Amino acid sequence: MRYRAFTILGGAMALAACSANGSGQEVQSAGSTTPLATPDTPFASTYAPYPGAPTALVGATIYDGKGGRIDSGVVLFRDGEIAGIGGADLSTEGYMVVDGSGKFVTPGIIDIHSHLGDYPSPSVQAHSDGNEATSPTTPDVWAEHSVWPQDPGFSRALANGGVTSLQVLPGSANLMGGRSATLKNVPSRTVQGMKFPGAPYGFKMACGENPKRVYGRKGRKPSTRMGNFAVNRQTWLDAKEYADGDRDSRDLAQETLAGVLDGDILVHNHCYRADEMALVMDMAKEMGYRVSAFHHAVEAYKIGDLLKENGVCSAIWADWYGFKMESYDGIPENAALLQKEGACVVIHSDDDMGIQRLNQEAAKAQAAGARIGIAIPDAEVIGWITFNAAKAMGIDDQTGSLESGKMADVVLWNGDPLSVYSRPEKVWVDGALLFDSSDPKRRPVSDFELGQPGEGDVK
Amino acid sequence: MMKSTLLTAAATLALTAQAGAQDFAISNATVATGDGSDPIENATVVVRSGQIVSAGRGPAPSDIQVFDGTGTWVTPGMFMPLTNLGLWDVGAVSNSNDISADDARFNASLDASTAVNYASQHIAVSRGGGVTRATITMGSGGSIFAGQGAAIDLGADPNAVMKPKAFQFVILGERGARIAGGSRVAAFAEFANALREASEIAAGRRVADDSMLGRNDAEALIPVLNGQQQLYVHVERASDITAVLGLKSKYSKLDLVLVGVSEGWIVANQIAASGVPVIADPIDDLPESFEQLGATQSNVGRMVDAGVKVAIGALSGGTAGPRTAPQFAGNLVALNKVPRASGLSWGEAMAAITSMPAEISGYGGRYGVLRPGAAGDVVVWDGDPLELSSAPVRVFIDGIEQPLTNHQTRLRDRYRDLDESDLPKAYDW
């Protein structure tokens, strides 16, 4: 039991969460080759897919992540890539056949908002590396430098949640919290070994209560919402000056902000209130950037029209509410009302427990809609935790859906993934089988857990 | 179809339902009695004078109103232990939050029932989710003793408190150690001293100069010492569980309930032998702290298999509240399909959020169960209550139909569309 279950404190959690991202913009080529660490790509990804057998999943219900559904279908993958998807007539010759009868296949689940690694387990002060809460704007910090690859939470997200990619964000203490890290959920000795090859960086921003509380208490700006906007706008004005110049001198903060203005770095903006999101979208227009997604966005349902018009996704929980003033108007129908309005929905976790059940959270949000007459097909709901997340993270041309040529990030569920009674049975990342519920050894155990009570347990 | 009649009638009926207990029957429903057994199809539940008369196979009586429950499931109202219901409005708005009294001069004598707000939105939201009874507690403040919890009902009326001072809550383990001065050793010393002072007061030989507790706090622990009031103890680590069970050898009358207990599976046989029940977080599976290294979702299933009485409480993750209890119970059922994992049967899972917490809270046979003589706490669901797609369509407490509206449902209704062509949304109410 975590103590906050009793205390319902906004503090710890509120600080931990935030970010947003947007629909895909230009994406660097996703190399399967190892990129070199150059000044342009420091700390470059060293991830390379693990070996996997050519595999055919046969007979399952397939949700392709983009709203498509195939009953008794076939998914083929080899050499790390999806090789085909179709009906029972698709040839499986040359593939190891896995019987999926009565089971379900989805793309690997993607969590657009996680703090695994930067607020890892055990959650001790020595590991609390998500908020550089020493200045309201820290565009110079990068979440990847805080990620502890041995966080046992990664393995739970894989085994119980079918999560194959995730975005680890800085916290929301700051208006500008820093760059995010987009990771493949693959155990590694280094964070470079987890970095999603070619993924654009995200940039974490935060509205509202957290920045003004954190800095107001320190007796400095911002201590109000108007202070939040003033600091943001002046920071952007200064950034434009840098970006419009020759950019010769290295400046970590300005390089990140210039990347946002260039459209190469995607803004993920923690923001709860509808009125505040509307202001942020106008600020983005004024300054010449765009918001990829509002994260948390508990009041997004009040402005679904504006969000659609601006092409901004809402990354939300199914039913969290009430833990802080700006979350007071959270309702379970948020996702469904957005979907009805034609706005982009992503279900996120912001939580090491919630990341293990994004499928369930999506199902609850779907059901809340159904009860008010908004019927959303299962296949579209799966998109909330796969393709839409990939789109807002700028990795949708590589993962997030089951399409030939894309990464073979695949989950075989032992039942309907929108049922509480179902769990991942097998999870492949780039075609490599990294979790198999029937094989006790085919599950990651972090260094931290070796020799401890429950090592290698089902968890 | 009568089902649709039943479903659509619910809202209208609820508005006028406060008049009093109805005599009614629900027929043709799938009925789960909450006692651990499997659901019964095509069953009937009969409620008269606010109490359950029968639940099971058999026709509805002809002399009372009968609702056709075709397609619905009927369960007892959920009984959620160790909530904060009625004690807060907004977590991070301290003025609205009575959960924790960090700067209070009192501790064990604090009485949570004195602050219960029956009109709290969280009570209304939980009621709409099918929770009809709960126990409430404060969080720990400046002492390892968080004070005395209460039992409440979630009825839409001013009489929320069923039993004040239902139990005392003490925090041991890591948290208790920090509160007590930095070590588990200090927490046990605090605990021993507090019970000593209580016993001296009880014996009429309190020495004021030698007292570290205020008189009220020491007195409040007398019923704990005598076993007249339950003592809930928060611990997680296996060795801490063993240590707490060992307290019985010194304080033989303690009526213990273990809370948290992430590593309970490691000492499950010992807990079972002690007869001490457990209120566990159902799906903790991360080493969030060094006292939870062995946390696994199979904890509850393994403890139940060993014969421990386990209720689900203190739900993991998120702040969606007690209404998510069915989801967590359902997750324990899901484990049955996972190789090597230990889950609960469907009936056991339902019991873990109904009859089991009621029993642990001292209300066995009264609440959390559909059986003759139990309170008429009845929830009608639009499907399998543990399934994510299901929700209550009608809720009765003591046979009185309850409103299912709250701040959230009003927002939902206002923002079903974004049309403001005639007037701003503020006029839509």
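1. In this predicted model, B:Gly204 follows helix α4(B) and has a positive phi, near 70 degrees.

2. Which residues of α4(B) are buried? They are B:Arg184, B:Ala187, B:Glu190, B:Phe191, B:Ala194, B:Leu195, B:Glu197 and B:Ala198. Viewed down the axis of α4(B), the buried residues fall within an arc of 155 degrees, so they line one face of the helix. An α-helix has 3.6 residues a turn, so residues three or four places apart point the same way. The elements covering the buried residues of α4(B) include the strands β8 (145-153) and β9 (161-171), together with the helices α3 (173-180), α5 (215-220) and α6 (222-225), of chain B.

3. Chain B is divided into domain 1 (2-76 + 382-413) and domain 2 (83-365). The C-alpha centres of these two domains of chain B lie 30 Å apart. Their contact takes 24 residues from domain 1 of chain B and 25 residues from domain 2 of chain B. On the domain 1 side, β5 (73-76), β15 (392-397) and α13 of chain B each supply at least two residues; β15(B) gives the most, with 3 residues. By class, this side of domain 1 has 11 nonpolar, 9 polar and 4 charged residues.

4. The largest nonpolar core has 260 residues, and those with the most contacts inside it are A:Val346, B:Val45 and B:Leu258. Domain 1 and domain 2 of chain B both give residues to this core, so it lies between them. Leaving aside residues up to four places away in sequence, B:Leu258 touches B:Val233, B:Val235, B:Ile241, B:Val244, B:Ile271, B:Val276 and B:Val278.

5. The contact between the chains takes 57 residues from chain B and 59 residues from chain A. On the side of chain B that touches chain A, α10 (325-334) and α13 (407-414) of chain B each supply at least two residues. The largest share of that side, 5 residues, comes from α10(B). The residues of this side of chain B divide into 24 nonpolar, 21 polar and 12 charged.

Notes. Residues numbered from 1 in each chain as written. Chains lettered and ligands numbered in written order. Predicted model: local features only at pLDDT ≥ 70, side-chain atom pairs only at ≥ 80, totals over all residues. Contact = placed C-beta atoms within 7 Å. Helix = DSSP H or I, 4+ residues; strand = E, 2+ residues; numbered from the N terminus. Nonpolar A, V, L, I, M, F, W, Y, C, P; charged D, E, K, R; others polar. Buried ≥ 20, exposed ≤ 12 C-beta atoms within 10 Å, placed from the backbone. Arc of directions from axis to C-beta. Core = buried A, V, L, I, M, F, W, Y, C linked by C-beta atoms within 7 Å. Domains from an automatic or database assignment.
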